[in-house]
Amino acid sequence: MNIVVLGAQWGDEGKGKIVDLLTPNFSVVGRYQGGHNAGHTVYVRGQKYVLHLIPSGILHPGVSCLIGNGVVVDPAALFAEIDMLAGLGIDVEGRLFISDRAHLILPYHRELDVLSEARRGERKIGTTSRGIGPAYEDKIGRRGVRLSDLHDAAGLVELVRENVHARNQIIRDTHLDWQDVHATLVAQGQRMLRWAVDGSLFLHQAMREGRRVLFEGAQGTMLDIDHGTYPFVTSSNASVGGVCTGLGVPPQAIGGVLGVAKAYATRVGEGPFVTELHDALGERLRETGHEYGASTGRPRRCGWYDAVAVRYAARVNGIGALALTKLDVLDGLETINVAVAYRVDGRQVDEFPSALPAGATIEPVYESWPGWTTPTKGATQYDQLPAAAQRYIARLEEVSGVPVGLVSTGSDRDETIIRADRPLAGWISR
Ligand code: GDP
Ligand code: IMO
Ligand code: MG
């Protein structure tokens, strides 16, 4: 069975660890959206790998990794990642594939991203300044450059000339020569095109041969361009719909949806975060959980588990099981809060609101649960967990409306519990 692994919160839920861990059950791992704004961390026996563009299955020899048409690819970032992997003894040759329909991030998209943020001033989004938004703008504006365009250096001239002209109209204090951008792209094509495939056809052939595929999401549902906290979102569909559009597979190809959620919550960048902690507890979560961006190093905002948001993510994506990560970070806390509803202008609201009236106040409605003193760190069996931790997880299942099929108790592959009596165990054995 093919499964999707996607973020059920604001990104950085630990998707990289989970994808790496589950990969031995699959033949292909495909990324369906986002770009190198993502930072997916994998630890294997103490060695840290941070993947931005390449699917987090790449550490397993023999597994094919596909960057789908829905991903925006910065060739320079891709090469840097391939070289980083090579330096750590991981060879991608013959196993890395990129959809030739994928759009490219051009050298000046990053400048446009930074400029757009500066112009927004106080309303800034807090992007990763990787040029993600501007590259998707060009895609939707039907002037983007796709990997397949690099096959034809002459045909590319017009496209690049028009795009660079538009850039020069927006950024007037520096002038970019289209010839330079063209030459860069042609040179990048010479290195990249050997990985180009028809991504949809590639996956269909794999599936026809009975090979199993894991679809890897980047960011999280609350950062989805349609379903997230717009405009404080990324520019792609991080939720399940992105799988079909971003890889060219039908919905029937998806057998199960695994949502990844931390046992608390974090967000990086601007935008609403109802359960955010501005006090010493927030600081403690950040330090214990090493909550600093894997891509940008920015400190992440930290807060309590927001069941309203996870319930919403479960509805939007059809999440059939949750992977609950970073339980160990809560070790030693006296009391743990969970938001089960919101209070908007004093009135209780159970569903995640699509928008709030200007000036409205929103507050979490908390339940408090006793913490535990026996560490969960490194636990590999559910019954090793202290009773209070088991009670906490059981309550999260109830208020989130989804069974917890996997509990992660540390960053290493081995620090994981897969629960035999929950859906995920069945998905990966079929
Ligand atoms: P992703 O973007 O969803 O892949 O998540 P990130 O890699 O950006 O951030 C998750 C961070 O938490 C990484 O540093 C992981 O190594 C780490 N991590 C994942 N699972 C666990 C866990 O169960 N416990 C602890 N302490 N760290 C974890
Ligand atoms: P992974 O895959 C957390 C956030 C940025 C910003 C907003 C828009 O590692 O979970 P963008 O550069 O995409 O235009 O920024 O989205 N953001 C992420 N936050 N994890 C990520 O990826 C993110 N990718 C983007 O901080 O708020
Ligand atoms: Mg991340």
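Select Pro231 to begin: Pro231 sits in the loop that runs between strand 10 (213–216) and helix 8 (241–247). Helices here are DSSP runs of H or I with at least four residues, strands are runs of E with at least two, and both are numbered from the N terminus. Show the backbone from Tyr230 to Pro231: the peptide bond that joins them is cis, with omega of about 5°.

This is a predicted model, in which local features need pLDDT of at least 70 and side-chain atom pairs count only at pLDDT 80 or more, while totals for chains, interfaces and linings use all residues. Residues are numbered from 1 along each chain as its sequence is written, chains are lettered from A and ligands numbered from 1 in the order in which they are written, and side-chain values use heavy atoms, with hydrogens and water left out.

**The magnesium ion**

Select ligand 3 next. This magnesium ion is coordinated by Asp12 (OD) and Gly39 (O), at 2.1 to 2.2 Å. Asp12 belongs to the loop between strand 1 (3–7) and helix 1 (15–22), and Gly39 to the loop between strand 2 (28–31) and strand 3 (40–44), so the pair ties together parts that are 27 residues apart in sequence. Donors are N, O and S atoms within 2.8 Å of the metal (3.2 Å for Na, K and Ca); water is not among the atoms, so sites may look incomplete.

Colour the two residues by accessibility. Asp12 is partly exposed at 22% relative accessibility, whereas Gly39 is buried at 13%. The classes are buried for under 20% relative accessible area, exposed for over 50%, and partly exposed in between (1.4 Å probe, protein chains only).

**Ligand 1**

Select ligand 1 and its surroundings. Its shell holds 19 residues, and the closest are Lys15, Gly16, Thr41, Asp328 and Ser408. A residue is near a molecule or strand if one of its heavy atoms lies within 4 Å of it. Helix 1 and strand 3 each give at least two residues to this shell.

Which residues make polar contacts with oxygen atoms of ligand 1? Among them is Thr41, with a side-chain N or O atom 2.6 Å from an oxygen atom of the ligand. Gly16 has a backbone N or O atom 2.8 Å from an oxygen atom of ligand 1. Gly39, one of the residues that coordinate the magnesium ion, also has a polar backbone atom 2.8 Å from an oxygen atom of ligand 1. A polar contact is a pair of N or O atoms within 3.5 Å; within protein, one must be able to donate a hydrogen and the other to accept it, and residues adjacent in sequence count only if both atoms are side-chain atoms.

On its own, ligand 1 has 590 Å² of accessible area, and the protein covers 92% of it. These areas come from the Shrake-Rupley method with a 1.4 Å probe; for residues, only the protein chains shown count as cover.

**Ligand 2**

Move to ligand 2. It has 20 residues around it, and Asp12, Lys15, His40, Thr128 and Thr234 come nearest. A polar side-chain atom of His40 is 2.7 Å from an oxygen atom of ligand 2, a polar backbone atom of Asp12 is 2.8 Å from one, and a polar side-chain atom of Arg298 is 2.9 Å from one. Taken alone, ligand 2 exposes 550 Å², of which the protein buries 98%.

**Positive phi**

Select Arg142, in the loop between helix 4 (132–140) and helix 5 (153–170). Arg142 has a positive phi of about 65° although it is not a glycine, and it is exposed at 77% relative accessibility.

Then select His290, in the loop between helix 9 (280–288) and strand 13 (301–303). Its phi is also positive, about 45°, although His290 is not a glycine. His290 is exposed, with 61% relative accessibility.

Gly46 lies in the loop between strand 3 and strand 4 (47–51). Is Gly46 buried or exposed? Gly46 is exposed, at a relative accessible area of 60%. Draw a distance to Leu385, which is 339 residues away along the chain: the C-alpha atoms are separated by 23 Å.

Val316 is in helix 10 (residues 307–317) and is partly exposed at 23% relative accessibility. Its C-alpha atom and that of Val407, 91 residues apart along the chain, are separated by 22 Å.

End at Val344, in strand 16 (residues 335–344). Val344 is buried at 9% relative accessibility. From Val344 to Gly289 is 55 residues in sequence and 30 Å in space, C-alpha to C-alpha.
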